[in-house]
Amino acid sequence: MTAYDKLAQIIPPDQALANKALAVSLQQVSGIARLSLPAFANAVSSIQTMYGLPLVNAQTSPISQATANYWLSFGGGTGNYGTINVSDVIGAAAGIPYTQNFNDIVATMSTMDLTYLNLIYTTMTDCINGVYSTGITNEVIIPPGLPAAGTYVSIDSAMYTGLIPAANTEIGHLTVVYPTQTAQLNNSWVVMVAHLENEFSLQADSTINFGQYVAHSKTAMYGFIFGLPNYGQDTSIGGTAQYIEAVADTSTLTGQAIVGSMRQGQINTALTASGINTSNNPTIIPNPKPAQAVLTPAQYPYPQPKTT
Amino acid sequence: MSTSYSTLTPLQLTAGAGLMENEGLKVSANLILSIDAYDVLLPVGNVILLGASATGNVGNSNVHIPILSNVTIKALESMGANSCPTLGDSLPVAYANAFGNSNVQGFTNFLESTANSYLPSADLTIFAQLFAQAQSYYQLTNQFINSTVNSQTYLANTFTNTNNMVTGEITSVNVCTPEFAQDLANLGSLINLNNLNELGTPSALVKQLALLGGISSTLAITFAAHGVNLDTVLALNDQNLTVSGPDQKAMYTAMLNITNENGKLAEILQVFGIRNSLPPSVVGPTSAYVDQTVTIYVTGGIPKTSFNWISRSTNPAGAVSAGYTFDSSGSCTFIISESIAGTYYWDWTFMSSGFSGIYTVDIQPVNSLPAPPPPPRKPVATAGQTPLNINSMADLLNPYVLFPNSFQTLTVTDINNVSQSIYINSDGTVNSTLLRVLPPTALRSTA
């Protein structure tokens, strides 16, 4: 590059400065080095500007923070910046993230003595099933030695005034005895409840209405089948590949073919990138060719020789 | 006939055959297993379901009523809600109304029934519709979010204003795009945009001329006569030629002396394709009297270049050919006066650009009727369009001369991301602030 200090020794300094400024400015135009001057002139003559739109042109960043905040509030998913994936909207069927949380909960509960709480729940079951009903009107007697033992005027009374308070008391007792474990249980539980609540919220945003779905819609299933290879390419956490794998019944050929179709999508991408052809796709040309109908003549007839 | 391939593969066809018959998809088996494991440890969900559904007879009748009141069922569903809802299979207090009017009946039961509603085993097409709608929504939403996030970062700190952003930074060079475009168009192929680092140097100008095949012996001789090193002169057509500072200075001096007066400039302007901002045209009266002065204006030529003018008349028949030269603005005005009545045709051709046409005028006897209409006025450039005024080859290195219509709005974004005018007034005074705010590499060779 010939900088200003050198150029100013060759041509008049003011012209040198103007030339350097013009060069710096032109070099900011993306891709200008690939253009001829006439092509650039043509491009310049074709563009429009933000003239007369002072509020637009007064922006100090591509979008204002207020605009950014507005759109970011549309998220609500578990991805970066609140981006949404399929599991955020309908994760329950795939157990995302519920299965993991339940596994954690079961593991934690296994370290706790839940014998008495279990006894309360078993007693509740027996109570509702009439095991403690005396047959005298609706009277219920829970035998001594069992939780909330005593005589009640009805099953409802035994539950409401005896067993349910006993369960609440025992749960409270367990939170005192096992503060760490119950805190972990609460964390995992809240994650699941909050996620399911968010699913419902996102479904409302998506205007999902189960009542409007068409029963036995073949075209809907066609679309799903066509999309399988593409679903396989979204391998993000909670994305379509993980989701479909979770709901695919791989004990059947169909379920395995679903997973295989998704893998095929990834395979095709890799092979296409390397230029290798696959024999995945059959032709859609009918074989044999359908019999052709006789249609009206579409060519001008050549004059027939005159017969005498 | 080309072969058309299906987008469906054998694997998809296999999967599809089962899916159409409601096979192949079901609520996650792992989810069911994990819920079952929870229920084994704590069968509270079963209690809640049982309590909510259990009924008993009214007296000896067959009328069934719920065994538990709504109040009791509610209490059953909220066991441990304010301490450890996991142990009561209940909704935490903070989420008591999270599911509106839904009949929760224990969170595990609710979750499982929700999962089954997404994937009804009797009709998987419901799931297909649900999946498609969910996917459509989140894909669109994510486009907005990702675009928003990227909009805040993709230009880093180079954003100046919306104009520059939407025009690919063209308006950062000149906001008055019509005038700028006109000037650029008039310059033909003068500037090599792939060699902007050398813009303004005589060697860059010569290399561009060489690229267009325009290095003439006249130019070489002129350079040599003004002290350009002979090795340099002999290598003017070499695109890799490196020209020393003194040689470039000598080139510039030579360029100052390449003018139309000595006939050398016109050829160079022609090679570059430099043209006037007025369209090529010949304007004059359609009729005139014998011996009347007729003024004809020729515009749109390349400054300092010549054109042919062949005059043919029908009465008397004859033809005269002459050559004329455009002035520095690419125009030419001349006056004729014919002494013989008749129709005169002038075939004109701009040698430089190839534009051609015919100008016709009827010369009528004096005082004949109808009288000739008033002659047209001299064409003028559209407001804001100033013709080029190039007087020497050195002018081709002067942006003030090259951009007569747009130099006042030429700008550059400086190192502080501030737009600076290159010229500060209509006289073409260069903004000296640029000496402090242009990138150091543009200002100093040692930067």
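Start by colouring by chain: 143 residues of chain B are in contact with 133 residues of chain A, contact meaning C-beta atoms, placed from the backbone, within 7 Å. Now pick helix H6 of chain B, residues 124–153, which gives the most to the side touching chain A, with 22 residues; helices here are DSSP runs of H or I, at least four residues, numbered from the N terminus.

A note before moving on: this is a predicted model, where local features need pLDDT of at least 70 and side-chain atom pairs count only at pLDDT 80 or more, while totals for chains, interfaces and linings use all residues. Residues are numbered from 1 along each chain as its sequence is written, and chains are lettered from A in the order in which they are written.

Next, select A:Ala93, A:Cys127, A:Met159, A:Leu163, A:Val247 and B:Phe127: they have the most contacts inside the largest nonpolar core, of 94 residues. Such a core is a set of buried Ala, Val, Leu, Ile, Met, Phe, Trp, Tyr and Cys joined through C-beta atoms within 7 Å, and buried means 20 or more other C-beta atoms within 10 Å of a residue's own. Helix H9 of chain A (155–177) brings the largest share, ten residues.

Last stop: helix H10 of chain A, residues 179–205, which reaches 38 Å from first C-alpha to last, close to the 39 Å expected (1.5 Å times one less than its number of residues). Its buried residues include A:Trp189 and A:Glu199. Those buried residues pack against H6, H7 and H9 of chain A, together with H5 of chain B.

Definitions and conventions:
Contact = placed C-beta atoms within 7 Å. Helix = DSSP H or I, 4+ residues; strand = E, 2+ residues; numbered from the N terminus. Buried ≥ 20, exposed ≤ 12 C-beta atoms within 10 Å, placed from the backbone.
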